[in-house]
Amino acid sequence: MSCAMLLQCRHSCKKGNRLLRMLATSYSSFVKDKAYINGSWVAAANGNTFSVINPANEELIGTVPDMGIQETQSAIDAAHVAFDTWRKTTAKERSAILKKWFSLIESNKTSLAELLTKEQGKSMADSIAEVTYGASFFEWFSEEAKRVYGEIMPPSTADRRLLIMKQPIGVAGIITPWNFPIAMITRKLGAALAVGCTAVIKPAEDTPLSALAICQLGEEAGLPAGVVNVITTSSKNTSDVGKLLCESPRVATISFTGSTKVGKILLSQSASTVKRVSLELGGNAPFIVFDSANIDKAVTGAMACKFRCAGQTCICANRFLVQDVIYDEFVKRLAEAIKNQLVVGNGLDEGVNIGPLINEAAVNKVDDFVTDAVKKGATKIVGGNKNSLGKNFYEPTLLVNVTTDMECMKDEIFGPVAVIIKFKTEAEAIKIANSTDVGLAGYFYSQDLGQVWRVAEELQVGMVGANESLLSAAEVSFGGVKQSGLGREGGKFGVDEYLEMKYICMGGI
Ligand code: ADP
């Protein structure tokens, strides 16, 4: 998302907050207490449920069915049957449904954003931005649906004609995380549906309501029964449900966004059926500021890249590398920005731009990173403690004198903590940046054109932000290298994850 788009979202968020005060319960029509299988809203077979809690204040937002293997099998069967007819619809018909779905999400943006903020904790500005971004994939793939072309090859034998056609792979098992409860579904589902696949979605246990809300709008948009199914499950049943999705011969592909640890489990489980797997896993993004950088732009970029969604995105800047000549100036300016610009609180409150972390375990993990770094010699410039606002809040933090042996340099921080390491040369920065076994996003600020090319080419990541820190968009390919994943989502290549190529050789011509 561009800065302009983010600013526009922030602006519309202010208007959105005013509207919220007028329509205080508008989000509640989206709070479902049933999951969605084969076109029906259903409870768990054994009647079990689990609670969805607002991380900002522990308020109960709703309860959803705690489903297991039995319901997952029903959802897989429904998607399998629906595939037979959905794959035969025309691209134009699928496109029309996706486009209508996009419009419905757009026109319910404020209510969806409020629900998102309640169950995930992010600020209303961040939620509005996510709904906008999430909806954009349905618009994008509604257009791409019509552009799934095959190819005709010149034959080496005169009596043959050779061609490749692309066909939908089948049922997609979609497992999504809590940090982008809407966009991680739409980015996968838009591509799957556009080309004629059907889906079984398992949203994260912390944020099932947004998934069900999107599904409700899909029903209104005219989705036939069984084409999209949503299974809600608590952490107790998650691994059984995941295993069934991976091992079922009726599921053709698994698309997962989440931790590298779980991604590896799904990859190995999928081996039993030699399933297609696309994985969007963790990152450890370097954010390099060279001496030639425009410091104003680098600080603005750093704030958006680090603190958006309270630092809980897989493409957040994780390691700031700052060159020695501008180091002191950058540290001073970033510290001022953190102190002056960030307002922590309940994401629904006007002016708040940092909400809580998803749960107390996340806060403890972030605090462990800070404690470890300080023990090994880092210095706290801003924050560095749990926040007195509540057990799920952490202070926006800036640490300097960071070294490569600290845990915060090796692992995803996933919280509002910026850590800075000083470097002297371009080669040294590249070496540090690449010294990790993951490679999702990488950012750098430089006004030296040669350096821009060199560093963009050398960073071992799937996505590079050169003088830009918000790089996601529907029209580009999102994904990582090394242990950050397999495959790409969004853009024109996003449909490939859901397509099979079939070679046809016509002889005797
Ligand atoms: P995070 O650490 O960000 O919560 P996870 O990888 O644990 O990331 O979770 C991402 C998604 O994967 C969630 O929907 C979660 O329920 C699901 N998940 C977690 N463990 C498993 C598993 N063993 N099998 C299938 N899905 C899982």
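**Reading a loop proline, cysteines and helix packing**

User: Which residues does P203 touch, not counting those up to four places away in sequence?

Analyst: Contact means heavy atoms within 4.5 Å. With residues up to four places away in sequence left out, P203 touches T176, P208, A211, V230 and I231. This is a predicted model, in which local features need pLDDT of at least 70 and side-chain atom pairs count only at pLDDT 80 or more, while totals for chains, interfaces and linings use all residues. Residues are numbered from 1 along each chain as its sequence is written, and side-chain values use heavy atoms, with hydrogens and water left out.

User: Where does P203 sit, and is P203 buried or exposed?

Analyst: Helices (H or I, at least four residues) and strands (E, at least two) are DSSP runs, numbered from the N terminus. P203 lies in the loop between β8 (198–202) and α7. For burial, the scale is relative accessible area: under 20% is buried, over 50% exposed, and in between partly exposed (1.4 Å probe, protein chains only). P203 has 2% relative accessibility, so P203 counts as buried. Another proline, P181, is 22 residues from P203 along the chain, and their C-alpha atoms are separated by 7.3 Å.

User: Let's turn to cysteines. How many disulfides does the structure hold?

Analyst: A disulfide is a covalent bond between the sulfur atoms of two cysteines; here the test is a pair of cysteine sulfur atoms within 2.5 Å. The structure holds 0 disulfides. C197 is in none, and the nearest cysteine sulfur, that of C246, is 16 Å away. C197 is also buried, because its relative accessibility is 0%.

User: Now helix pairs. At what angle do α2 and α8 pack?

Analyst: Axes are lines fitted to C-alpha atoms, for helices over the stretch in contact, and angles run from 0 to 180 degrees between N-to-C directions. Helix α2 (residues 69–86) and helix α8 (residues 235–247) pack at about 30°, their axes 9 Å apart. Under 35 degrees is roughly parallel, over 145 roughly antiparallel, 65 to 115 roughly perpendicular, and the rest oblique. So α2 is roughly parallel to α8.

User: Which residues of α2 and α8 meet?

Analyst: From α2 come I69, T72, Q73 and I76, and from α8 come D240, V241, L244 and L245. By class, this contact of α2 with α8 has 5 nonpolar, 2 polar and 1 charged residues. The classes are nonpolar (Ala, Val, Leu, Ile, Met, Phe, Trp, Tyr, Cys and Pro), charged (Asp, Glu, Lys and Arg) and polar (the others, Gly among them).

User: How do α4 and α7 cross?

Analyst: Helix α4 and helix α7 (residues 208–221) cross at roughly 160°, with axes that come within 8 Å. This makes α4 roughly antiparallel to α7. Their crossing is right-handed (the near helix is turned clockwise from the far one by less than a right angle; anticlockwise is left-handed). L112, L115, L116 and E119 of α4 make the contact with P208, L209, S210, A213, I214 and L217 of α7. The residues divide into 8 nonpolar, 1 polar and 1 charged. P208 is also one of the residues that P203 touches.
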